[in-house]
Amino acid sequence: DSARNGFSFKGIKDYLECYRSGKLTPSQVAKNIIAVLEDCDKSTPPLRAIVQWDQEQIMLMAEASTTRYRNKCTLSCLDGIPVCLKEEFKVVPYHHRVGTVYLGTEPEAEDATVAKKLREAGAIIIGVSNMHELGTGTTGCNPNRYHKIPRNPYKPNHFTGGSSSGSAAAVAAGLCPVAIGTDGGGSVRIPASFCGVVGLKGTFGRISCHGSLPLSYSTVSVGPICTSVADTAIVYSILAEPDPLYPYGLKQPTATLSDMCAPDLKGLKLGVDWTFFKACDAEVLSACEKAVEHLQSLGASVVEVSLPEVEEARVAHVICILSEMRDFLQPDFNKHFHEMNLDTRANLALASQFTALDYITANRQRTRSMRFLQEIFSTVNCILTPAVPSTAPRIYESDLLTGSSDMSFTVRSMRFMQLGNFTGIPGLVVPIGYSTAGLPISLQVMAKWWDEAVLLRIGLKLEQFRDQTKKPSIYYDILA
């Protein structure tokens, strides 16, 4: 726990204190959330973080939680905590639209594994959150009639980042302290970074993807977006375990939070490839360099490393993710082409140009990149990079009508993300400051496979670097 002056986001601890002291019940909190959900989409511009919600469902879960608190038999420290899940997950009774207008024509009858686990932990699912159509972009720009464009709570005329766009916006705007996203090319970490909150991409297979649309089976990991590293650790510890319905994660070692709360970082070696690290905007670089110095001051040593074949890995990741998405979405592309957003059509059309040979070569590169990382992680505990090379881009009038397709931005925004998706290593982004325009800047920490514990340990210390947390211009205090 770190006491802060000025603004601080309301996290899990704040909710639990209210419930345990009797100051508020989960039912009262649920009523506040329903009022806020009605308000935030009537505002100008509408926030569009949560795209489907149901008053009755929210109240049912809240009332059950209120009873458990009254009887002192709560299920976990997520009992009564408001959460949302990206529309990529099946959540009863919502439509599993995955950001489109044509999927999920009937309400869902079965929960994804993560939704089921959150229910079992007693969380209040407040709805499903907005996303980039089919997860095909990094802005979160989705102009179709069901979704519209989610707004960045720090600057509403800027994007949230994608594709877990609504999840990050909901957390930063105070609608819920916990959201779940998926990350195939930075889709948890980019929006978390743009919206000034914490995002974790687990090791590939660590958290079950069962019940999410299998857009790219070799690059996508699930992870939480939260207001703090401590909350991220709580959610991670509840969701991370093998799922018989998700074969990729069956052989995983037990998830731990070992040494997470160690008083310093003594004995840890932080790897930095400075050439790679410096390929970002000047403001981002300046903040990230200072954050690295902060970690050093806590006893960690910075070791210069060289990440080989970064460009090859970048291209290979694009080939893998787009080929797999194109393969899975082939029937949709043929049947629903005219119902897709323009940028989705463009990405899937581009994907159709890759050959089997390209895909095989890309996967050979994956083996190489994993071997390089194995060697690097035998000498350092983690690799540090900026999260995204720039801050959130602004929204133009035309984006609201026709969407946005800026390939150079997409490529650049994924620069520090792709290695984690391509090789399956975990990554954590933590906000460290703001640009002069007031937009959030974050640092990324990546570790070897299954070593999320070291990310959380470093993340806790990284949080102390930011001298103040700025209040987003759209923020609802649900506990007020």
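## A buried serine in a loop

Ser187 is buried: its relative accessible area is 8%, and the cut-off for buried is under 20%. The model is predicted. Ser187 sits in a loop. That loop runs between β4 (178-183) and α6 (189-194).

What does Ser187 touch, leaving aside its neighbours within four places in sequence? Its contacts are Lys86, Gly162, Ser163, Ser164 and Thr182.

## The sheet

β4 is also part of an open sheet of 11 strands. Pairing in this sheet is mixed. Read across, the order is β1-β3-β2-β4-β6-β5-β10-β11-β9-β7-β8. The edges are β1 (50-52) and β8 (301-304), and each of these strands pairs on one side only. From one strand to the next, the twist averages 35 degrees.

Take β4 and its partner β6 (residues 221-226). They are antiparallel and share 6 bridges. Here Asp183 stands opposite Ser221 of β6.

## Strand β9 and its two partners

Strand β9 covers residues 382-386. Is β9 buried or exposed? Of its 5 residues, 5 are buried, so β9 is largely enclosed by the rest of the structure.

β9 pairs with β11 (residues 440-447) in the antiparallel sense, over 5 bridges. Leu384 stands opposite Val445 in β11. β9 also pairs with β7 (residues 269-272). That pair is parallel and is joined by 2 bridges. Leu270 has Cys382 of β9 as its bridge partner. In the sheet order, β9 comes between β11 and β7.

## Helices α10 and α12

How do α10 (residues 310-335) and α12 (residues 356-376) pack? Their axes lie 9 Å apart, at an angle of about 130 degrees. The two helices are therefore oblique to each other. Their crossing is left-handed.

On the α10 side, the contact is made by Glu312, Ala313, Ala316, Ile319, Cys320, Ser323 and Glu324. On the α12 side, Asp358, Tyr359, Ala362, Asn363, Gln365, Arg366 and Ser369 take part. By class, this contact has 6 nonpolar, 4 polar and 4 charged residues.

Ala62 belongs to helix α3, which spans residues 55-70. Its relative accessibility is 0%, so Ala62 counts as buried. Leaving aside neighbours within four places in sequence, Ala62 is in contact with Pro26, Ser27, Ala30 and Ile124.

How far apart are the C-alpha atoms of Ala62 and Glu452? They are separated by 31 Å. Along the chain, Ala62 and Glu452 are 390 residues apart.

How values were computed:
Residues are numbered from 1 along each chain as its sequence is written. This is a predicted model: local features need pLDDT of at least 70, side-chain atom pairs count only at pLDDT 80 or more; totals for chains, interfaces and linings use all residues. Side-chain values use heavy atoms; hydrogens and water are left out. Axes are lines fitted to C-alpha atoms, for helices over the stretch in contact, and angles run from 0 to 180 degrees between N-to-C directions. Helices (H or I, at least four residues) and strands (E, at least two) are DSSP runs, numbered from the N terminus. Angles under 35 degrees count as roughly parallel, over 145 as roughly antiparallel, 65 to 115 as roughly perpendicular and the rest as oblique. A crossing is left-handed if the near helix is turned anticlockwise from the far one by less than a right angle, and right-handed if clockwise. Contact means heavy atoms within 4.5 Å. Ala, Val, Leu, Ile, Met, Phe, Trp, Tyr, Cys and Pro count as nonpolar, Asp, Glu, Lys and Arg as charged, and the others, Gly among them, as polar. Buried means under 20% relative accessible area, exposed over 50%, partly exposed in between (1.4 Å probe, protein chains only). Two strands pair if DSSP finds at least two bridges between them.
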